[in-house]
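Please look at the sequence and the three-dimensional structure shown below. The paragraphs that follow lead from the overall order of elements to a few selected residues.

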Amino acid sequence: IQKAEDKTFIDTIDKVIADREAKVAGDAVFNAAGPFKPSVLAEGMKKLVRKQVPMGTVLISEMDFLDLLKLDHAAVGSAVMEDIVVNGFTYTKLMGHTFIRTIKYDIVKPGSIYLFTTPEFLGVFDVLTDVKAYIEQKGSHLRFHLYETIAVALGNVNGVSKIQLVK
């Protein structure tokens with residue numbers, strides 16, 4: 001169920017971004033060469049800020065996020081780099097913004113980084129019907145079916161942008 005929800009959400013976001021790009025090229029997508037790095041993130045964030053919405057969350061593939069480990073200690077500070085070497089990259093925030101990292105590469109492809117405004121400026125997500133299970137047993141055979149009804153309303157199309165890395 002979760003994978004289908006995630007795919008539907010990203011497909012919807014991609015359509016919103018494509019619609020904005022069709023109207024004004026460069027309105028919603030920042031194309032950048034090379035690996036993901038803080039300067040690319042900063043330029044991508046400007047897509048949201050120019051629309052006068054605050055920057056909130058970054059959705060990124062684990063492959064792209066790992067490029068940040070290439071930063072040297074002068075860029076991030078020796079105490080932070082020491083913590084990363086000892087504990088791995090455990091931070092969920094960078095530059096004060098929440099990062100959601102995923103290994104669902106069939107949904108969030110490496111090279112595609114999604115930027116979202118804060119929830120109060122974006123829209124709503126409602127669970128209309130919680131997960132229900134239908135179970136049928138005949139002898140030693142068991143059949144089941146799970147379903148739920150959710151709704152997502154994107155109230156502000158300017159609250160989403162995308163960084164597209166060209167490697």
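In what order do the elements of the chain run from the N terminus on? They run α-β-α-β-α-α-α-β-β-β-α-β-β-β. The chain thus described has six helices and eight strands; helices (H or I, at least four residues) and strands (E, at least two) are DSSP runs, numbered from the N terminus. This is a predicted model, in which local features need pLDDT of at least 70 and side-chain atom pairs count only at pLDDT 80 or more, while totals for chains, interfaces and linings use all residues. Residues are numbered from 1 along each chain as its sequence is written, and side-chain values use heavy atoms, with hydrogens and water left out.

Consider next the chain as a whole. Of its 167 residues, 31% count as buried, where buried means under 20% relative accessible area, exposed over 50%, and partly exposed in between (1.4 Å probe, protein chains only). Among contacts (heavy atoms within 4.5 Å) between residues at least 6 apart in sequence, 75% join residues at least 24 apart.

The next topic is a pair of strands. Strand 6 (residues 123-138) and strand 7 (residues 141-154) pair in the antiparallel sense over 13 bridges; two strands pair if DSSP finds at least two bridges between them. These two strands form a hairpin with two residues between them, and Gly139 in the turn has a positive phi of about 65°. Along the pairing, Glu136 stands opposite Arg143 in strand 7, and Tyr134 stands opposite His145 in strand 7.

Val131, Ile135, Leu142, Phe144 and Leu146 make a nonpolar surface patch of about 530 Å². Strand 6 and strand 7 are the elements that give two or more residues to this patch, and strand 7 gives the most, with three residues. Ile135 lies in strand 6 and counts as exposed because its relative accessibility is 58%. In general, the side chains of a regular strand alternate between the two faces of the sheet.

The side chain of Asn156 reaches the backbone oxygen of Phe121 at 3.1 Å. Asn156 touches Val53, Phe121 and Leu122, when residues up to four places away in sequence are not counted.

Key. A polar contact is a pair of N or O atoms within 3.5 Å; within protein, one must be able to donate a hydrogen and the other to accept it, and residues adjacent in sequence count only if both atoms are side-chain atoms. Patches are made of residues with over 30% relative accessible area and no salt bridge: like charges are joined within 9 Å, nonpolar side chains (Val, Leu, Ile, Met, Phe, Trp, Tyr) within 5 Å. Accessible areas come from the Shrake-Rupley method with a 1.4 Å probe; for residues, only the protein chains shown count as cover. A salt bridge is a side-chain nitrogen of Lys or Arg within 4 Å of a carboxyl oxygen of Asp or Glu.
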